Amino acid sequence: MCSMKNILILFAHPRYEKSRVNKALLEGIHGQDGITVNDLYEIYPDFNIDTAREQELLLAHQIIVWHYPLFQYGPPAMITQWMDLVLEHGWVHDAGGNRLEDKQIFATITSGGSRESYSHSGFNRHTMPELLFPLKQTAHLCRMTWLPPYVVQGTYCLTDEMLADYGEQYRQVLVRLAQSPPLKLFKGYDFLNDWIADVNRKKQP
Amino acid sequence: MTDSILGQAVVYLAAALICVPLAKRLGMGSVLGYLLAGILIGPFCLGFVGHEGEGIMHFAEFGVVMMLFLIGLELEPAHFWRMRSSILGLGSLQFVLTTLVLTGGLLLLGLGWRGALAAGLALSMSSTAIVLQSLKEKGLGSSQAGSASFAVLLFQDIAVIPILALLPFLAIQAGSGAVHGETPAFLDGLPVWVKAGSIFFAVAAVIIMGRYIVVPFLRIITKASVRELSVAAALLIIVSIAFLMKLVGLSPALGAFLAGVLLANSEFRHELESDIEPFKGLLLGLFFIAVGASINFRLLSDSPVTILSLVMGIIVLKAAVLFAAGKLFRLSFDQNSIFALGLSQVGEFAFVLFAFINRLGIIGGDWIDTLMAVTAISMTMTPLLLMMNERLVLPRFGTREQVEKEADFIDTEHAVIIAGFGSFGSTLGRFLRANGVQATILDNDSDQVDLLRKMGFKVFYGDATRLDILHSAGAGSARILFIAIDSPPTVSNLVETVKKHFPKLQIMARAGNNLDAHELLDLGVNHIYRGFLDTSVRAGVDVLTSLGYRRYSATRAGQNFMKYDEAAIHHLAPYRHDASDYISNFREQIRLQEQLLASDRASIHSQNDRAWDTIGPVTAAEESGLHPDGQEKGV
């Protein structure tokens, strides 16, 4: 196996203490080697983000994850604040800014609405990948590689067992990604959920 | 009519109530007011109290006893250790030099060397009561002059113990072992070494009792948790020590001081302090009145030149020695002049020592009478001298009220004036300066002022409530005046002055507590910053976080609480005067606290982040399709 990639999870939830789903997800990867959870709301309760610290963290990791609950079809304010301050002009884009080049990035998103409601014919009228378009463009601007999102949807209907399964699946996704699978394997997948399911299916028989 | 205790009480209290406010009005300070009251009712003026105030003097000395107990209480070993160089260095230097100079002077006047030495020692004492009270009133307690004065006074207070122990030796050397004078203590007539030994024995007894009897006794008392009992216990401690000391012929004040020092390290320190404080204030006032009443004006009128020249001579010598000592310890001119003039009187311990010297027969009765009169008169001089220093000397020779402008210096008026540059004001000033906003500063601590000027601040020195200083500080053209002065009366005064003369100047102010904040609201100041609010809420946020709360939620709860608390204080302000105009400050403080607590319960703050709450389904909106996904919940 070639060298393992380090993963940086930029976690942003303003009311994490009340979130069952995100607790399950983060518990699954607790203590996992090579994964750093950067709990933004806990570290910057006043939104005063330490840009230098964040940039150093970025440099020390090869896979970046924006992990947040979906509010009003976008990320919580902290993620926007983080992008505004940390992805500085000249550091990650434009003249000489290529510090994040070829790092991989994706979003882990939890939403109350089900996957069906996020479709052209559904209540929310747009698919999740469509709603992520600004993030994807930001990644492109920073010359990073955009991977499909990992999602937990319809959260109100999830039982504790299902949540535990999601926790385990999230862990598997991260562990597999750290082993740097060839990028072409993600072709055709809208969600990392489907990719990891196929990977597991192929392994089983 | 004034023979009965009640009659006397009426005379004293009435005199104090008339004279003290008058004196304060004239800018003379309460000490001078009390002294004047004493002179007025004394045997040489109105004659309401007779016998040269002697009878009351005994009673009033109790004020001094209590004050020394309180000073002793202040003296934690750690505190003493921090001040060791100024207490031992400055204190001993001043004391030895003054004694030498005064003894030399008395020798020249024809006293024998023993008498001269004894009197010199007594005259070297300064008045703790007058100095501390005067400095406190002027707000100079924590200035350099204040702490140097405190150190010197402390050294003197401690020095009285060995002096009292050693005086008998001077007496027997003088060959007059016979003791005369007032009530003899039961030790009188014993050989001198027994007397000296007994004094040390009594001191040791106080030390042992303090340690092994008083503290356990206080523990039992406080268990009963009846407030009067602890007051009674505090008084009992002082009275019984005074009694014991009287018994062995020692000064009660000294015993109380010792007891105070012993209890300084106990857990009852603060309680004892607050129990005794009111008694102390009243009795000290009484003491000053008694000093005023005991001035022997007959002696003064018989030989005014002798007495007055003695007073002037002693004051000049003492002040000169103090000034030199202060110089050596690097006090600046302003601070040194306050220090030297402040301590230039002869103190209340001189009365004690003179009485003792008289009983030992070291000096003749005529001399004692004269010196007692000199002592009392010199005490009345102090407030006058300090006032003259403040009005006449310092403005001319001290720290300037403003720096003279150089010819080509274009004076840019600053938009912000900060009045009071203590820890609050200075933090504010530093923050503004760090962000490129220069402020003009008003402060009345000359050392602070000099330092700030060196660092390039534009500082005006003096009383911020004075109209001319406000004018020259640019109050006419500034936009904001920030008041960060500690004393609430000064703040109100300043607000009124500014509202009247500079109506366009926006006033922002710091308030020390909720009550002060209400006072400011009453005065029409709407920008009020309570010094404790942000810090305590921030501390609360950290406490919550340490208990495991999410930092962001705790921070938002803190922000909400502050917003709510600010609103509450404005909301409650109009109702403040409804209940009664007569409730005391303390009760009002409690009532305010109650109102705040009640409205705390009524409004559930920090619950307005419902948008992020993820408990309970919201899919109803999705299913019904009634409104857009405004309630979408991330989970």
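Predicted model: local features only at pLDDT ≥ 70, side-chain atom pairs only at ≥ 80, totals over all residues.
**Chain A, overview**

I started with the element count: chain A has eight helices and six strands. Reading from the N terminus, I get the order β-α-β-α-α-β-α-β-α-α-β-β-α-α. Chain A has 205 residues, and 39% of them are buried. I also looked at contact range. Among contacts in chain A with a separation of 6 or more, 80% are between residues 24 or more positions apart.

**Helix α8 of chain A**

I checked the length of α8(A), residues 192–203, against its residue count. Next I asked myself which residues of α8(A) are buried. I noted A:L192, A:W195 and A:I196. These cover an arc of only 95 degrees around the axis, so they sit on the same side of α8(A).

The face of α8(A) turned away from the buried side carries A:D198 and A:R201, both exposed. What covers the buried residues of α8(A)? I found that the cover includes β4, β6 (150–153) and α7 (160–178) of chain A.

**Two positive phi values in chain A**

I went through the backbone angles next. Most residues other than glycine have a negative phi. A:Q72 is not a glycine, yet its phi is positive, at about 50 degrees. I located A:Q72 in the loop between β3 (63–69) and α4 (77–86) of chain A. Is A:Q72 buried or partly exposed? It has 13 other C-beta atoms within 10 Å, so I put it down as partly exposed.

A:R125 is the other entry, again not a glycine, with a positive phi of about 65 degrees. This one lies in the loop between β4 (104–111) and α5 (128–131) of chain A. A:R125 counts as partly exposed because it has 13 C-beta neighbours inside 10 Å.

**Chain B, overview**

Over to chain B. I count 26 helices and six strands there. Chain B runs to 635 residues, of which 42% count as buried. For contacts in chain B with a separation of 6 or more, residues 24 or more positions apart account for 71%.

I looked at both faces of β1(B), residues 416–419, and both are covered. B:V416 and B:I418 are buried on one side, B:I417 and B:A419 on the other.

Which strands pair with β1(B)? One is β2(B), residues 439–443, in the parallel sense over four bridges. Here I see B:I417 opposite B:T440. Another is β4(B), residues 480–483, also parallel over four bridges. In that pairing B:A419 stands opposite B:I483.

Strand β6(B), residues 527–530, has alternating side chains.

I then followed the pairing of β6(B). Strand β5(B), residues 506–511, runs parallel to it over four bridges.

**Nonpolar cores**

Last, I looked up the cores. The largest one holds 132 residues, and B:F69 and B:A256 have the most contacts inside it. Which helix gives this core its largest share? I noted α8 (residues 144–174) of chain B, with 14 residues. Another core, of 51 residues, lies apart from it, with A:L87, A:L132, A:M144 and A:Y150 among its members.

I went back to B:F69 for its neighbours. Leaving out residues up to four places away in sequence, B:F69 touches B:I238, B:A256, B:F257, B:A259, B:G260 and B:I276.

Definitions and conventions. Residues numbered from 1 in each chain as written. Chains lettered and ligands numbered in written order. Buried ≥ 20, exposed ≤ 12 C-beta atoms within 10 Å, placed from the backbone. Pairing = 2+ DSSP bridges. Core = buried A, V, L, I, M, F, W, Y, C linked by C-beta atoms within 7 Å. Contact = placed C-beta atoms within 7 Å. Arc of directions from axis to C-beta.
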